[in-house]
Amino acid sequence: MSAIFDQMLSQYEIKTNEDKHNALHEVMQQITLAALYRSGFFDKAAFYGGTCLRIFHNLPRFSEDMDFSLLEKSNDFSLEKYYNAITTEFKALGREVVIIKKTKTTNSRIESAFLKDNSEIYNIVFQTERSVKIKIEVDTNPPLNFETEHKLMLLPFSFMTRCFTIPGLFAGKMHAFLFRNWKNRVKGRDWYDLEWYVRNNYKLSFSHLKERCFQSGHIINYDFTQNEFMKLLRNKIKETNIDRVKEDVRPFIKNADDIKIWSSDYFLQLINRVIIE
């Protein structure tokens, strides 16, 4: 294993197997960003979602997937063009990865792939741990009205990642919070992120939220108001089992005491502090 990979891993406090898994996961994400930068990917796409918050805004929870949006619609975009850059970057750091394209089962504008770590030869702990895997998703028909900025990373080398700005990230999270379809599951990480945005007094881009809701078909006209949005939030909170929300988010946070206060009433009061622009 390379010294740079070790240096990246050493930035994490690792006491348990879960800590080790989360740290390896995040280092893989950072290496993937470096590879995409080197290949020119960020000339046409931007990073968003929970992993973007974790890496560039110090969100205090780990995140699994890497979500990207093209800057404008493209019908012929293919993630496969960047496979070689990603595998080469990992190989330079003493790791071997295989990239498998996910077969689409329904018509979708999301171009997806899985990165699976095949590096047991370099780290024997993988013989007893579950495999580290990250999923990449690229929205090839993005909802617009978002702004981007370039954020610096220093490892595995100095590079810039084009990211959504915070108001657009907040809007995307609220769209997921309201409309994510996980059948009988809930994604507690959405609720954790809502709390984090509010605690840090970040603003939500309502114009980008409306774009997302309109494109996804969750609103049928562009007269969607902030009052209607707040009503949807209140209904979502009242209808959700908060114990299941806590159960989902617990593996991704360091201190379970952080969510002891969570209840329907807590979130109903929390959303009154959302700042909309």
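Me: Take buried to mean under 20% relative accessible area. What percentage of the 277 residues of the protein count as buried?

Reply: The model is a predicted one. The cut-off is under 20% relative accessible area. Of the 277 residues of the protein, the share that counts as buried is 53%.

Me: How many helices and strands does the secondary structure come to?

Reply: Several of these elements return below, among them α2 (17–38), α3 (50–57) and β6 (148–153). For the protein, the count is ten helices and nine strands.

Me: What percentage of the contacts with a separation of 6 or more comes from residues 24 or more positions apart?

Reply: A contact here needs heavy atoms within 4.5 Å. Ile 136 and Phe 68 illustrate such a separation along the chain, at 68 residues apart. Residues 24 or more positions apart account for a share of 69%.

Me: Is Ile 136 buried or exposed?

Reply: Ile 136 sits in strand β5 (residues 133–139). The C-alpha atoms of Ile 136 and Phe 68 are separated by 7.7 Å. The relative accessible area of Ile 136 is 3%, so Ile 136 is buried.

Me: What is the volume of the second largest pocket?

Reply: Rolling a probe the size of a water molecule over the atoms shows where empty space is left. For the second largest pocket, the volume is about 340 Å³.

Me: Of the 15 residues that line the second largest pocket, which are the closest to its centre?

Reply: α2 (17–38), α3 (50–57) and β6 (148–153) each give two or more residues to the lining. That lining divides into nine nonpolar, three polar and three charged residues. The closest to the pocket centre are Gln 11, Glu 26, Gln 30, Ile 55 and Met 153.

Me: With which side chain does the side chain of Ser 63 make a polar contact?

Reply: Ser 63 is in the loop between α3 and β2 (66–70). Its relative accessibility is 11%, so Ser 63 counts as buried. Beyond four places in sequence, Ser 63 touches His 25, Gln 29, Gly 50 and Thr 51. The polar contact, at 2.8 Å, is with the side chain of Thr 51.

Me: Is Asn 58 buried or exposed?

Reply: Asn 58 is found in the loop between α3 and β2. Its phi is near 60 degrees, a positive value in a residue other than glycine. The cut-off for exposed is over 50% relative accessible area. Asn 58 reaches 64%, so Asn 58 counts as exposed.

Me: What is the phi of Asn 201?

Reply: Asn 201 is found in the loop between α6 (188–199) and β8 (203–204). At 55% relative accessibility, Asn 201 counts as exposed. Most residues other than glycine have a negative phi. Asn 201 is not a glycine, yet has a positive phi of about 60 degrees.

Me: Is the peptide bond from Leu 155 to Pro 156 cis or trans?

Reply: Pro 156 is found in the loop between β6 and β7 (159–164). Most peptide bonds are trans. From Leu 155 to Pro 156, omega is near 10 degrees, and the bond is cis.

Me: Which residues does Thr 165 contact, leaving aside its neighbours within four places in sequence?

Reply: Thr 165 lies in the loop between β7 and α5 (166–179). Its relative accessible area is 14%, so Thr 165 is buried. Thr 165 and Glu 147 are 5.8 Å apart, C-alpha to C-alpha, and 18 residues apart in sequence. The contacts of Thr 165 are Glu 147, Thr 148 and Glu 149.

Me: What distance separates the C-alpha atoms of Gly 40 and Ala 85?

Reply: Gly 40 lies in the loop between α2 and β1 (45–48). With a relative accessible area of 22%, Gly 40 is partly exposed. Gly 40 and Ala 85 are 45 residues apart along the chain, and their C-alpha atoms are separated by 9.9 Å.

Notes: Residues numbered from 1 in each chain as written. Predicted model: local features only at pLDDT ≥ 70, side-chain atom pairs only at ≥ 80, totals over all residues. Heavy atoms only, no water. 1 Å grid on protein atoms, 1.4 Å probe; cavity = no way out; pocket = protein on both sides within 12 Å on 5 of 7 lines; lining within 4 Å. Points joined across faces, edges and corners; volume = space filled by probe spheres on them. Helix = DSSP H or I, 4+ residues; strand = E, 2+ residues; numbered from the N terminus. Nonpolar A, V, L, I, M, F, W, Y, C, P; charged D, E, K, R; others polar. Buried < 20%, exposed > 50% of the residue type's maximum accessible area, 1.4 Å probe, protein only. Polar contact = N/O pair within 3.5 Å; in protein donor to acceptor, adjacent residues only side chain to side chain.
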